[in-house]
Structures are given as structure tokens and as C-alpha cells.
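Please have the sequence and the structure open while reading.

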Amino acid sequence: MTASDLTVRTLDQCDAAKTESEYVDIAQESLLGNSLDQWQTYLRRIGRENVRVIHAGQTLVGGLAFYRMQHVYGGQPIPAAGISGVAIDPAYRGGGVCATLLIDTLKELRDEGIPIASLYASTQHLYRTVGFEQAGTRYDYSLPLRSLPRPDRTLACTRFESAPLDALDYAHRARAHATNGNVLRTEGLWDRLIHPYDGRRCLTYLFGDTHRPDGYVILKQAGRDDGLPADLIASDYAANTGAAVRRLMALLHDHRSIFGRFRWSGGPDDPLLFMTDELWFEIHEVLRWMLRILDVPQAIQARGYPTHVGGRCTIRVTDSLFPANNGHWELEFSGGQCHARQSNAPEPSQKVIGLDIRGLATLYSGHTTLRQLIRLGQADGADDQAIDLIDAAFAGPAPWLPEIY
């Protein structure tokens, strides 16, 4: 099988119902995934128009899908594609099928004007070959409810059986703009949190005003098969003020007659860890997601930067997939923005920061500093002044994502 034998298509370029069914069959087998009903729910949430499938001749051999969403970096939302559901027929692996599918999809997204793409990788090696690199973390935590401080119920707490999306989105956006890496959620991404695939009932609590809340938590119970006392699990939470953090902890405290531990996902500097009486938390899993810069100048100019950072430097980017990203880029930082202009090769005496598209991705997200990349041999050529400028510009909260997609 050669690359010329492979064709990437949308569902509407095929017999949509038949192709969708074949893709779901491959996804269930290759991802050891969920039931047919759950896959149908997944496709509805992500949008069938965002599914891409790949054929070898007339045989469907794999597919993927992507959320059209926005990542927030430096306080600015950036159009992004969250790649998900990558599934290749095990009989066709190792022949370049997945790489062809990814490259074709990334080219389509770039042509559409989307500057970045992200994903959780089943294998880093494959995704690195097409330009992805580690960009942030997701921690799964738990802590015993007995480690919580005395409850502070000053802020109002309102329970909802049916989650008020406008209010949730307001508090989530406030958190996203204060962090790096969070996404502004689509309706489908919200639905995943409120109606989880495991079918467990979720309840939503808002803290403070019910239209513009200080925070929220979406709670569900672990099943009895997970042991007793059961765990209390947050599908998601946001606490944007100290009062909201304290009210969340009071709510959790008030569940401790029934539940033993609280489980949630967060970043490396999660506020709940700071506010507990004792550091009795556990880390159950740490995942790292990956980022791909599709359009260098568009991505750099869309991001936000610290307003106090000002200066100019030149970077040299290499990208084997998108030649338009290659070459020298003059970056000028001022007033929380960066202007990126392609330039001619500078004089030999001028120091230029050289890095490939993967190094730029992890630097862009704030996951790695330029000094770290230089120490690792992933960047070169800069003087101390340029290093300090770049690291100050891309500094900020450690990037993290609350969800897996």
C-alpha cells in the first residue's frame, strides 16, 4: 500500500450512513471503546461534519474527528481544532495510514484559517512526526473530605437539576481567561460534562449570583462497585474568587457523612490544594496534551502577552509539513501584543533563535521555556537578552486542560 492508494474524505463525500457505521466499528475495536449508543452520542456532540475518514482503495481503514473550539493563551481566545477519536483498523497500522489522515486534516484546517490544533496522544512518537509537542498537563486528584477546613457558607449556593448553561459558561470563561490552555467550550463539550458517557446523574451548584456566578461545580457519585464509602466526583468546577473556593469546600464538607473522598481534574497549581487544612491529596494520573502550530504568524499574533513586555527579536522556524512557516520571523512585543513579520536572513553577527515547529509549540503554550529548550538541544542561537525577552513574553500560568477530548 502506498500513499497514492489512500484517500481522505468527509462523510458527505461517501455513503454517509454506511461510512459512519464502518468508522464506529473501527473506533470501537481499535480504541477498545464504548457502546454503539455512546459513539452515536459522541458523533452528535462533535458534529458529523467534522469527521474525516480514510480509504485504502474502496476499503475504509480509519478516521478521526475534531471539535471546532478556542484555546485561551495570554487571556486571548484562539481558534483551534481539538482532534479526537483517531482510529485506524489494526490490520492497516504501520503503513502510514494515520500519518496521511493527520497531515491531510491539518492541511485542511490550516487552509481554513485555524492557526493551532491540539490533542491527547495515544503515542507521542507518531504525533511528533507531524509537528505536535507537549503543551500542558491534566492532573486527576483526590483528597479525603476530612482534610477540608471548617465550612464557610457566606456565599450563596444554588442547586440545579438542569444545568444553566449561560451561567456555567460565564464562570468558565472567567477561569479560562485567567489561565493558559483552557478551551472555550462548544455545546457538545458542555454536554459531555453535564451528561457523562457513564450515565451517572449530575447535579450543578452555582456559587453567588445565579446569572453571573463566582463559580460552580458539577457533581456526580462514584458507583458502589468502586467501593464504600463512595467517592464524590466533579465533572468540572470553577472557583474564581476566594469566597467561591471556600463555598465549594463547604459544600464538599457537607457531603462527608456519606462520601469519603472528593475526586476532580485540575492543573498543577489547583486552588483546592492551597486551601485544604492538610496536604492529604493524592495524584492518580497525570496526562500531557499536545499542540501543533499550523500558521506561525497568525498563531503568534492571536495570542496575548504580558503588557509590560516590550522588545524585538528574530526566530528561525523549521517546519517540514508547512513550508510557509519556514524562515526568519521578526517578533515585536508591545502593549500585550506581538507582531510577526517574515524577514530576510539577518547578518551573520546577529543572534537568531533557531527552533523547529515542535519547540515553538511547547514554548507558545508556556509549557516549556526557551532556556529549557536550549538546555535540551531543541533550540539554539540566542543571546541572553533575546532569551529573557522570549521567556518573559510567553510566561504565565502553567497550561492545563480540565477535559479530555
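The lining of the second largest pocket is made up of nine nonpolar, three polar and three charged residues. The model is predicted. The space in this second largest pocket comes to about 300 Å³. Two elements, α5 and β11, each give two or more residues to its lining. Of the elements, β11 gives the most, with three residues. In total 15 residues line the second largest pocket, and those nearest its centre are Arg-175, Thr-179, Asp-269, Pro-271 and Trp-400.

Helix α5 covers residues 165-177, which is 13 residues. From its first C-alpha to its last, α5 reaches 18 Å, close to the 18 Å expected at 1.5 Å a residue. Which residues of α5 are buried? They are Ala-167, Leu-168, Asp-169, Ala-171, His-172, Arg-175 and Ala-176.

Thr-186 sits in the loop that runs between β8 (183-184) and α6 (187-194). Its side chain reaches the backbone nitrogen of Leu-189 at 3.1 Å. Setting aside residues up to four places away in sequence, Thr-186 touches Tyr-67, Arg-68 and Met-69.

Pro-196 is in the loop between α6 and β9. Is Pro-196 buried or exposed? Its relative accessible area is 12%, under the 20% cut-off, so Pro-196 counts as buried. Apart from neighbours within four places in sequence, Pro-196 is in contact with Cys-202 and Lys-220.

Gln-385 belongs to helix α12 (residues 384-393). Gln-385 is exposed, because its relative accessible area of 65% is over the 50% cut-off.

| Pair | Apart in sequence | Apart in space, C-alpha to C-alpha |
|---|---|---|
| Gln-385 and Cys-313 | 72 residues | 9.1 Å |
| Pro-196 and Tyr-216 | 20 residues | 17 Å |

How values were computed:
Residues are numbered from 1 along each chain as its sequence is written. This is a predicted model: local features need pLDDT of at least 70, side-chain atom pairs count only at pLDDT 80 or more; totals for chains, interfaces and linings use all residues. Side-chain values use heavy atoms; hydrogens and water are left out. Helices (H or I, at least four residues) and strands (E, at least two) are DSSP runs, numbered from the N terminus. A polar contact is a pair of N or O atoms within 3.5 Å; within protein, one must be able to donate a hydrogen and the other to accept it, and residues adjacent in sequence count only if both atoms are side-chain atoms. Contact means heavy atoms within 4.5 Å. The expected span of a helix is 1.5 Å times one less than its number of residues. Buried means under 20% relative accessible area, exposed over 50%, partly exposed in between (1.4 Å probe, protein chains only). On a 1 Å grid over the protein atoms alone, a cavity is a set of points where a 1.4 Å probe fits but cannot get out, and a pocket is an open set with protein on both sides within 12 Å along at least five of seven lines; lining residues have an atom within 4 Å of a point. Grid points are joined across faces, edges and corners, and a volume is the space filled by probe spheres set on the points. Ala, Val, Leu, Ile, Met, Phe, Trp, Tyr, Cys and Pro count as nonpolar, Asp, Glu, Lys and Arg as charged, and the others, Gly among them, as polar.
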